[in-house]
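Open your viewer and get your selection tool ready.

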Amino acid sequence: MKGYLIAQINVKNLDNYQEYLKNVTPIAKKYGGEYIVRAGKYDVMEGKWPYKRNVVIRFPTLEKAKEFYNSKEYEPIKKIRIDNAENNLIIIEGGD
């Protein structure tokens with residue numbers, strides 16, 4: 001089964017967050033990550049959706065998604081995101 005990283009993000013400091021954006025993609029790709037959704041326009045159809053940035057990254061397996069998230073390469077980049085944005089993030093197993 002594929003692994004998906006799903007994040008909801010409200011950026012608080014765009015200048016600092018740019019460093020995250022510049023560095024995260026090559027690390028995700030190293031672990032087989034493919035961006036399915038990366039921000040973009042959306043419409044709330046039900047409930048409340050207080051996050052302006054939404055990201056979905058598909059990985060070959062659940063384990064690869066977790067390897068990416070816990071990797072030494074991602075650790076300093078992850079800190080940039082956490083320090084400069086409000087985040088919800090899950091890793092979930094799913095089909096193709």
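Select H1 to begin, as it gives the lining of the largest cavity its largest share, four residues. Helices (H or I, at least four residues) and strands (E, at least two) are DSSP runs, numbered from the N terminus. A word on what you are viewing: this is a predicted model, in which local features need pLDDT of at least 70 and side-chain atom pairs count only at pLDDT 80 or more, while totals for chains, interfaces and linings use all residues. Residues are numbered from 1 along each chain as its sequence is written, and side-chain values use heavy atoms, with hydrogens and water left out.

**The cavity**

Rolling a probe the size of a water molecule over the atoms shows where empty space is left. On a 1 Å grid over the protein atoms alone, a cavity is a set of points where a 1.4 Å probe fits but cannot get out; a pocket is an open set with protein on both sides within 12 Å along at least five of seven lines; lining residues have an atom within 4 Å of a point. Grid points are joined across faces, edges and corners, and a volume is the space filled by probe spheres set on the points.

Now show Ile9, Tyr20, Tyr35, Val55 and Ile57: of the 16 residues that line the largest cavity, these lie nearest its centre. The volume there is about 110 Å³. At least two lining residues each come from S1, H1, strand S2 (34-38), strand S3 (53-59) and H3. By type, the lining has 13 nonpolar residues, no polar ones and three charged. Here Ala, Val, Leu, Ile, Met, Phe, Trp, Tyr, Cys and Pro count as nonpolar, Asp, Glu, Lys and Arg as charged, and the others, Gly among them, as polar.

**The pocket**

Next, pick Ile6, Ala7, Gln8, Trp49 and Asn54, which lie nearest the centre of the largest pocket among its 19 lining residues. S1, S3 and S4 are the elements that give two or more residues to this lining. The pocket's volume is about 220 Å³, and its lining divides into 12 nonpolar, four polar and three charged residues.

Move to H3 (residues 74-84) and colour Tyr74, Ile77, Lys78, Arg81 and Asn84, its buried residues. Buried means under 20% relative accessible area, exposed over 50%, partly exposed in between (1.4 Å probe, protein chains only). These five cover an arc of only 145° around the axis, which puts them on the same side of H3; the arc is that of the directions from the helix axis to the C-beta atoms. They pack against strand S1 (2-11), helix H1 (14-30), helix H2 (62-70) and strand S4 (85-94).

On H2, select Leu62, Ala65 and Phe68, the buried residues. They fall within an arc of 125° seen down the axis, so they line one face of H2. Turn to the other side of H2 to find Glu63 and Asn70 exposed.

**Last stop: Tyr31**

Which loop holds tyrosine 31? Look between H1 and S2. Tyrosine 31 is buried, with a relative accessible area of 13%. Beyond residues up to four places away in sequence, tyrosine 31 touches Phe59, Pro60, Lys64, Glu67, Phe68, Ser71 and Glu73, where contact means heavy atoms within 4.5 Å.
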